[in-house]
Amino acid sequence: MDDEFLKNVYKVAKYYYDDIFFEKYSRIYKLTTENICGYLNQINMKDKSILVPAASGDHLLNCILKGANNVDLFDINYYALFMAELKIAAVKSLSKEEFIRYFTNGRNALSSDIYAKIRLYLNGDALLFWDKVYSLFPNNNDLKKTNLFMKDNYYEDSLISVNDYLKDNNYNYLKERINIADNKKFINTNVIDLPNKLDKNYDIILLSNIQDYMKFTYHLDYLRSLEKYREFIKNDLMKYCNECIVGEYFYNNAAAPSLLSDASDETLYFDSINKLLSLTYDSTDDQVKIYKK
């Protein structure tokens, strides 16, 4: 257990407080912070090759559910790969009810008893990582309180509302297709270097809300960094895309003034995740910007 990614687990879990700037070993999204099904239901993914952020693993699972025949991952945070691997193993090993109990915030969240079932379907670095985590924090209440995970408060209804793979009989269908994830490729990189790491084209590329963090990459104010990021998408990343790039996720109309479309892109609107999580303030639509080939 001398691997670099294992040496950093305790440091991130105990001392990592920065929720904004991401690096090679950073906090993990246990669950999506997007209404993923809100926009994926408006995009045809059947038999498509797709590139998504590793993030919480929920983009991967939803794309497989929607019929994608290949889903690869990228992320600057190496630990995000291990969350995706955990989710894949959980789908293989758990019932829908166990999955929900494990990943939401109830009494059995991150239960070591449930993890014992999941770990049978983990291997390689992912198994080493999660075994290390549970050796450091054998009590799931202690594990939940660490800084290893983002502090997003998801409960059963909200988790299901943004992830179609947990609706109705979709979970069983995902189980039938989950082996597609065994052939995934992971690229450990920031988005700006992504074109230099790609060796093939994808039909669709998802970029989540990465635009919100580009000011730290470009060292510019938000709107100027957004403008530069859009040029990067159109001029550099689009070379590796056959159909479209889902380039920007905006929460609750947060950046509506910057969403002007031109002939090469469009905006999709859907229920705000704030509304679906039953937060206490009014919310308008969330939206994504689509760049077409």
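This briefing looks at a helix contact, a set of paired strands and several salt bridges. The model is a predicted one, and the structure holds 13 salt bridges. One of the strands, S7, which covers residues 286-292, is mostly covered, since 6 of its 7 residues are buried.

**Helices H5 and H11**

- The axes of helix H5 (residues 78-93) and helix H11 (residues 170-177) come within 9 Å and cross at roughly 110°, and the two helices are therefore roughly perpendicular to each other.
- On the H5 side the contact is made by Ala-90, Val-91, Lys-92 and Ser-93, which meet Tyr-171, Leu-174 and Lys-175 of H11.
- Sorted by class, the residues in this contact of H5 with H11 are 4 nonpolar, 1 polar and 2 charged.

**Strand S7 and its partners**

- Strand S5 (residues 241-250) runs antiparallel to S7 and is joined to S7 by 6 bridges, and Phe-250 has Gln-287 in S7 as its bridge partner.
- Strand S6 (residues 265-270) is also antiparallel to S7, with 6 bridges joining the two, and here Thr-267 stands opposite Lys-289 of S7.
- A salt bridge also connects Lys-292 with Glu-266, with the closest N and O atoms 2.8 Å apart; Lys-292 belongs to strand S7 and Glu-266 to strand S6, so that this pair links distant parts of the chain, 26 residues apart.

- Side chains of opposite charge can pair when their charged atoms come close.
- Lys-184 forms a salt bridge with Glu-85, and the closest N and O atoms are 3.0 Å apart; Lys-184 sits in the loop between H11 and strand S3 (186-188), while Glu-85 is in helix H5, and the two are 99 residues apart.
- Lys-184 has a relative accessible area of 17% and is buried, because buried means under 20%, whereas Glu-85, at 22%, is partly exposed.
- Arg-119 forms a salt bridge with Asp-131, with the closest N and O atoms 2.5 Å apart; Arg-119 lies in the loop between helix H7 (112-118) and helix H8 (124-136) and Asp-131 lies in helix H8, so the pair ties together parts that are 12 residues apart in sequence.
- Arg-119 counts as partly exposed at 30% relative accessibility, and Asp-131 is partly exposed with a relative accessible area of 23%.
- Lys-66, Asp-164 and Lys-167 are linked with one another in a network of salt bridges.

Technical notes:
Residues are numbered from 1 along each chain as its sequence is written. This is a predicted model: local features need pLDDT of at least 70, side-chain atom pairs count only at pLDDT 80 or more; totals for chains, interfaces and linings use all residues. Side-chain values use heavy atoms; hydrogens and water are left out. Axes are lines fitted to C-alpha atoms, for helices over the stretch in contact, and angles run from 0 to 180 degrees between N-to-C directions. Helices (H or I, at least four residues) and strands (E, at least two) are DSSP runs, numbered from the N terminus. Angles under 35 degrees count as roughly parallel, over 145 as roughly antiparallel, 65 to 115 as roughly perpendicular and the rest as oblique. Contact means heavy atoms within 4.5 Å. Ala, Val, Leu, Ile, Met, Phe, Trp, Tyr, Cys and Pro count as nonpolar, Asp, Glu, Lys and Arg as charged, and the others, Gly among them, as polar. Buried means under 20% relative accessible area, exposed over 50%, partly exposed in between (1.4 Å probe, protein chains only). Two strands pair if DSSP finds at least two bridges between them. A salt bridge is a side-chain nitrogen of Lys or Arg within 4 Å of a carboxyl oxygen of Asp or Glu.
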